Amino acid sequence: MSIYEDVAKPTTDAPVELFTELLGSVDVLSDRVVQQILSGEHAYLEAAISSEQLRRIVRLNVQALLETLVGVLDSLEAPRTAGRLKAEYGIPMASLLHAYRLAGLALWDEMINRSAATNSSESLLRVSSDVWGIIDRFSSAAAESYREVTDEKDRRDQQARSVMLLSLLDGTAIQRDANGILRGLGLSDRATYLVVVAELSGTGADPLPSIPARLRAAGIASTWAAWKGEHVGLLACETWSDTAAAAAAIASSAMTRVGASRPFTSMQDAPEALRQGRISLECVPPARVGVHSYGSAPLDTLLAGQPEYAAELRRDVLGPILASAEADSFIETLEAWFAAEGSTSEAGRILHCHRNTVGYRLGRIAELTGRSVSRPSDVAELFTAVRSVRLSGG
């Protein structure tokens with residue numbers, strides 16, 4: 001049961017006769033409230049809801065409010081109906097709540113006037129908190145139903161947008177329809193595009209928090225969808241140079257691994273861009289946070305794009321090292337030696353050890369793998385195999 005089901009009953013000294021008398025003036029009170037709403041809330045004038053529909057829903061709520069005050073009703077169906085109807089017509093939530101405030105003020109003014117005429121003002125004031133409490137509960141119930149409708153509408157809209165986006169990315173959209181789909185997604189049909197693929201975290205948290213807003217601030221429109229365990233986006237940049245701003249916004253937002261395609265200008269290239277984005281994501285080692293753009297590291301792209309061959313390369317080149325107890329030390333030594341451009345002294349500084357230690361480890365690597373750092377072809381194989389280890393999460 002909703003918390004709003006617990007509708008307050010009038011207190012024993014409530015002016016029940018006054019509330020009952022007001023029930024006989026529901027039509028007059030409803031007309032008054034409708035006039036105040038229409039004069040005080042332009043949203044109702046601009047909405048497609050008719051004055052007759054508005055009057056009907058106001059009358060239902062005024063009557064339900066008074067019946068609750070009298071104690072003959074224990075239902076919030078009237079405000080829930082109002083919340084649903086106004087959400088469907090796109091009337092803002094603030095206007096919905098303001099309408100309840102206006103209705104409450106109109107009823108209260110009428111109560112004050114009638115109680116003064118019957119010398120029952122003191123009795124009315126004693127239950128004023130009950131009166132306004134019931135009005136607040138009605139407005140809260142209406143707001144709850146309003147949110148349910150808008151949330152469902154948002155879900156349906158997002159589902160429709162996701163279907164449209166995925167039809168572009170998987171190539172199922174007919175080319176002649178692509179421009180219409182782009183416009184339906186709020187994207188220009190004449191732009192430089194990027195496909196971005198972000199890994200969904202195990203916690204379900206947004207891998208790119210607030211990224212649509214950040215991109216908009218840079219003048220870049222985007223649309224996003226969840227697909228096959230990934231968060232996929234299509235970005236529309238006005239110029240080729242705007243892709244750099246897009247990349248910066250993505251990098252500043254990333255909370256997981258993220259891959260970006262090359263820029264492209266035709267939706268015919270969207271499926272290939274999706275493939276590039278997915279490969280680029282794999283160019284960021286597992287459990288790391290970072291962004292990789294397709295083509296920025298060709299060797300990593302090659303390894304990520306051919307995972308089975310990369311695994312075979314690791315086994316063939318580094319199998320004996322990876323099986324040894326000193327695997328981490330050997331891999332780190334190779335990485336430091338590559339970073340030092342072949343200087344054992346600089347590699348020792350990076351590793352915080354003596355250059356002779358570096359030389360000893362390189363000698364052991366040669367013994368285990370049959371590949372020496374003094375031969376360029378062996379160096380190429382060792383470097384590629386080490387990169388494969390890191391990209392695999394080793």
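A: In this predicted model, His 352 is exposed, because its relative accessible area of 75% lies over the cut-off of 50%. The residue belongs to the loop between helix 16 (344-351) and helix 17 (355-369). Its backbone deserves attention: His 352 has a positive phi of about 60°, although it is not a glycine.

With a relative accessibility of 47%, Ser 210 counts as partly exposed. Ala 116 is partly exposed too, with a relative accessible area of 47%, but its place is in helix 6 (residues 93-117). Between the C-alpha atoms of Ala 116 and Leu 105, 11 residues apart along the chain, the separation is 16 Å.

Helix 12 (residues 270-282) provides a view of buried positions. Its 13 residues should span 18 Å at 1.5 Å a residue, and the 19 Å between its end C-alpha atoms agrees with this. The buried residues of helix 12 are Ala 270, Ala 273, Leu 274, Gln 276, Gly 277, Ile 279, Ser 280 and Leu 281. As a general point, an α-helix has 3.6 residues a turn, so residues three or four places apart point the same way.

The largest pocket has a volume of about 150 Å³. Helix 13 (298-305), helix 14 (307-322) and helix 18 (376-391) are the elements that give two or more residues to its lining. Helix 14 contributes the most, with 4 residues. Among the lining residues of this pocket are Glu 282, Pro 307, Arg 314 and Ser 388. By class, the lining divides into 6 nonpolar, 2 polar and 2 charged residues.

As to confidence, the mean pLDDT of the protein is 90, and 96% of its residues reach 70 or more.

Definitions and conventions. Residues numbered from 1 in each chain as written. Predicted model: local features only at pLDDT ≥ 70, side-chain atom pairs only at ≥ 80, totals over all residues. Heavy atoms only, no water. pLDDT = per-residue confidence, 0-100. Expected span 1.5 Å × (residues − 1). Buried < 20%, exposed > 50% of the residue type's maximum accessible area, 1.4 Å probe, protein only. 1 Å grid on protein atoms, 1.4 Å probe; cavity = no way out; pocket = protein on both sides within 12 Å on 5 of 7 lines; lining within 4 Å. Points joined across faces, edges and corners; volume = space filled by probe spheres on them. Nonpolar A, V, L, I, M, F, W, Y, C, P; charged D, E, K, R; others polar.
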